[in-house]
Amino acid sequence: GQERTDFLLSRSAVPGTRYEYDIEMACNAMFGAGKDGMINAPDPNRSFSLSQCELAVFDSECAALVHDIAILVDMATHLDDVWPRSYQALYTANDIINMCRVGDSASYRRCHEV
C-alpha cells in the first residue's frame, strides 16, 4: 500500500511562521536535453513543467545495504558453481535479508556486521 512516513524538517519551527525550502530537480527529455540532438549542449531556452513531486529522505545506511546485497547476489549469480564463494555469497545475502527490518536503521547496522 501507500505508506506515509513523517520526517521532521526542523525542531525549531514556530507555528504560523512561513518557511522556504529549496528543491533541486533535474529535467531531461527522453534522449537528454541537448539542443537539436542528444549530444549537443543543453538548450538554455528550453523549459519544463513540474506536474508531480514526491519528496524523499535519503538513508545512506539503507542505500549501502542495498548495494552490498546487490554485490552478493551478483557474486552468487555470476561465479561458477564450482567455487564455494558463490554459495557463501548466496547464504550471506539470505542471512542479511532475514535480519533486515525495513525502516529500522539499527537492523541495517546489524546487517552490515554480517
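With which residues is Ser 107 in contact, leaving aside its neighbours within four places in sequence? In this predicted model, the residues concerned are Met 99, Cys 100 and Arg 101. Ser 107 is placed in helix α3 and is buried, its relative accessible area being 0%. A polar atom of the Ser 107 side chain lies 3.0 Å from the backbone nitrogen of Arg 101.

The side chain of Ser 86 reaches the backbone oxygen of Trp 83 at 3.0 Å. When residues up to four places away in sequence are not counted, Ser 86 touches Met 75, Ala 76, Leu 79, Asp 80 and Asp 81.

The largest nonpolar core comprises 10 residues, namely Leu 65, Ile 69, Leu 72, Ala 76, Ala 89, Ala 93, Ile 96, Cys 100, Tyr 108 and Cys 111. Two or more residues of this core are given by each of α1 (60-78), α2 (84-99) and α3 (105-113), and α1 supplies the largest share, with 4 residues.

Leu 9 counts as exposed because its relative accessibility of 60% is over the 50% cut-off.

The search of the whole structure finds 2 salt bridges. In one of them, Arg 109 pairs with Glu 61, with the closest N and O atoms 3.0 Å apart. Arg 109 lies in helix α3 and Glu 61 in helix α1, so this pair ties together parts that are 48 residues apart in sequence. Both partners count as partly exposed, Arg 109 at 43% relative accessibility and Glu 61 at 27%. A salt bridge also joins the side chains of Arg 110 and Asp 104, at an N to O distance of 3.8 Å. Arg 110 is partly exposed at 40% relative accessibility, and Asp 104 is likewise partly exposed, at 29%.

Methods: Residues numbered from 1 in each chain as written. Predicted model: local features only at pLDDT ≥ 70, side-chain atom pairs only at ≥ 80, totals over all residues. Heavy atoms only, no water. Core = buried A, V, L, I, M, F, W, Y, C linked by side-chain atoms within 4.5 Å. Buried < 20%, exposed > 50% of the residue type's maximum accessible area, 1.4 Å probe, protein only. Polar contact = N/O pair within 3.5 Å; in protein donor to acceptor, adjacent residues only side chain to side chain. Contact = heavy atoms within 4.5 Å. Salt bridge = Lys/Arg side-chain N within 4 Å of Asp/Glu carboxyl O.
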